[in-house]
Amino acid sequence: MSSSALLDRAPARGHDPSQRADARVETLALTQALPPISADETPPRGTVVSSVPWRPRSIIPGFGLTLGLTLAWLGLIVMLPLVALFARAASLDTQRFIDTVLSDRVLAALQLSFGASLAAGVANAVFGSLLAWVLVRYRFPGRRLVDALIDVPFALPTAVAGIALTALYAENGWLGAPLAELGIKVAFTPVGVFVALVFISLPFVVRTIEPVLEDLSPEIEEAAACLGASRWQTIRRVIFPTLFPALATGFALAFARAVGEYGSVIFIAGNLPMVSEIAPLLIVIKLEEYAYGEATAVAAVMLMISFALLLAINLLQRWSRRHLERR
Amino acid sequence: MAVGPRSAISARTEPRLVRWILILVALLFVSTFIVLPLVTVFTEALRQGGRAYFAALADADARAAIGLTLTVAAIAVPLNLVFGVLAAWAIAKFEFRGKSLLITLIDLPFSVSPVISGLIYVLLFGLQGWLGPFLSEQGFKIIFAVPGIVLATIFVTFPFVARELIPLMQEQGTDEEEAALVLGASGWQTFWRVTLPNIRWGLLYGVLLCNARAMGEFGAVSVVSGHIRGLTNTMPLHVEILYNEYNFVASFAVASLLALLALVTLLLKGVIEWKVGRGLKGRGH
């Protein structure tokens with residue numbers, strides 16, 4: 001019903017896809033206060049659109065008040081400042097804008113931010129699917145605790161995560177010391193950026209896949225097994241294609257979050273210009289140098305990429321919903 | 001390959017060895033990436049014993065930071081609570097064109113980098129910004145002061161309550177409200193006596209997540225705060241300052257309070273999920 005990216009990340013729960021589709025039709029009918037239209041008496045599309053007013057009448061009060069206040073608050077807190085940023089970016093001298101964005105340091109920072117986020121997203125796609133699978137399918141002692149721990153990166157303030165990971169992976173840390181003996185340096189290198197991004201974006205993939213995996217009907221796996229498929233073939237040909245839309249959505253959400261991440265990364269990264277400096281940090285540095293124009297230029301580029309990602313997530317979700325309904 | 005009789009169970013699971021390997025990998029991953037960092041916070045904080053730990057928390061600047069964090073959350077969370085209920089009422093109880101666009105716009109702050117969330121307010125209210133010079137003539141200071149911190153916090157926690165309530169209220173429909181209204185209840189009575197009891201757990205859930213983020217926000221607040229010790233330092237910013245001064249014990253001591261807040265949040269979240277079934281799970285963020 002909504003095309004929001006984050007609101008309903010996973011399709012609604014239900015035991016059976018067809019049941020779920022029915023329930024959705026019902027809620028749709030309820031909220032629109034219109035009789036459900038059966039397939040054979042569907043009027044031509046054009047007439048439907050023109051006959052639906054901007055808002056159907058309802059006896060529930062408060063529409064003007066609540067929508068008005070919502071729009072006012074949204075406008076003041078979210079839209080006005082964002083518009084100010086784009087207006088500022090648009091008022092910059094084009095040549096200076098291009099020079100700023102294409103300077104070596106900015107390009108290196110954007111490359112690190114997007115590269116490390118991509119790598120973290122891929123790592124989480126693999127381990128997140130594995131975690132979701134283990135948590136949904138297997139029973140073992142401590143399963144509920146592990147399931148609850150998955151949400152820690154959502155709840156732990158990023159600065160706390162940052163200093164904890166740094167202490168852990170520094171050369172005298174619990175994990176840093178053994179890794180250093182193997183010749184692997186994590187803290188204060190781009191690898192550290194990757195580790196921090198894996199931490200903060202881990203829950204996205206797990207939490208998007210889990211409900212889909214729970215809703216998977218046992219019959220299709222049994223049918224595949226009955227038809228002679230090996231377990232591996234069933235997973236690869238039957239389960240994976242079903243999970244793929246959710247996996248892609250989770251990956252996109254994790255990636256989008258990682259690109260903008262600041263707090264957990266700046267402690268562990270070492271922040272060497274051109275080497276381990278992420279794009280959000282570069283914005284902060286430009287601001288501290290009072291180079292507001294340059295900060296705005298970098299921010300505008302990052303925002304445009306984020307919004308493109310948001311659009312992609314929306315389309316992915318629409319696609320996955322259609323995909324599930326067709327089944 | 002011998003084709004023996006297969007039970008329904010074996011068709012849906014893997015050989016025992018594979019299962020145990022997968023569980024082991026999962027446990028190892030969660031311990032390395034989630035449990036160890038959490039444990040580190042507390043061991044580092046208590047490295048020099050309880051006395052150093054409590055001395056760090058009793059420090060005047062630390063207490064000022066704790067006070068500011070509580071103040072900011074006490075302003076930002078109720079405002080977003082009211083907004084969330086208003087937005088959910090408008091969106092869930094009525095049909096109108098452009099609704100999905102409105103929901104996307106409400107969710108927008110989640111896809112904006114925290115640093116940019118701070119930057120937009122600097123561009124608006126800073127001395128070089130649109131409204132900054134005017135406001136400073138009137139004697140108002142927003143950037144590098146508490147109002148800026150509150151604004152940035154409201155921005156980053158903007159969607160939490162609304163997006164918890166919208167799906168919940170859409171699911172509940174409008175039947176009960178319509179019945180109350182037909183029986184003669186006023187709009188307010190309907191809201192307080194019918195709608196609010198129906199959404200109380202979802203509301204609490206949203207407020208809980210909103211509060212955790214409001215108290216823990218770092219990037220956005222860092223850009224607008226100006227880092228004035230004892231005045232515009234929230235707890236996460238104080239953690240950073242102490243850490244950069246190599247005062248690790250004190251830094252981790254303040255961080256441990258934030259980690260405790262996170263753990264309590266997750267615990268309460270678990271309790272609410274247990275109370276209302278698993279329907280709410282997984283939307284947290």
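Two residues are in contact when they have heavy atoms within 4.5 Å of each other. With that in mind, let's look at where the chains meet: 110 residues from chain A and 103 residues from chain B take part in the contact. This is a predicted model, in which local features need pLDDT of at least 70 and side-chain atom pairs count only at pLDDT 80 or more, while totals for chains, interfaces and linings use all residues. Residues are numbered from 1 along each chain as its sequence is written, chains are lettered from A, and side-chain values use heavy atoms, leaving out hydrogens and water.

How much can we trust chain A? The predictor's confidence in each residue, pLDDT, runs from 0 to 100. Chain A has a mean of 82, with 81% of its residues at 70 or more. Over residues 1-51 of chain A, however, the pLDDT is below 50, although this stretch has 82 contacts in the model beyond near neighbours in sequence.

Back to the interface. The size of an interface is often given as the accessible area lost when the parts come together. Chain A and chain B bury about 9800 Å² between them, a value found with a 1.4 Å probe and summed over both parts. Of this area, 76% lies on carbon and sulfur atoms.

Charged side chains meet here too. The rule finds 2 salt bridges across the interface, each a side-chain nitrogen of Lys or Arg within 4 Å of a carboxyl oxygen of Asp or Glu. Lys269(B) and Asp151(A) form a salt bridge, at 2.4 Å from N to O.

Finally, Tyr121(B) touches residues of both chains, including Ile77(A), Pro81(A), Phe155(B) and Val224(B).

Terms used: Buried area is the accessible area (1.4 Å probe) that two parts lose on being put together, summed over both. Lists of a residue's contacts leave out its neighbours within four places in sequence.
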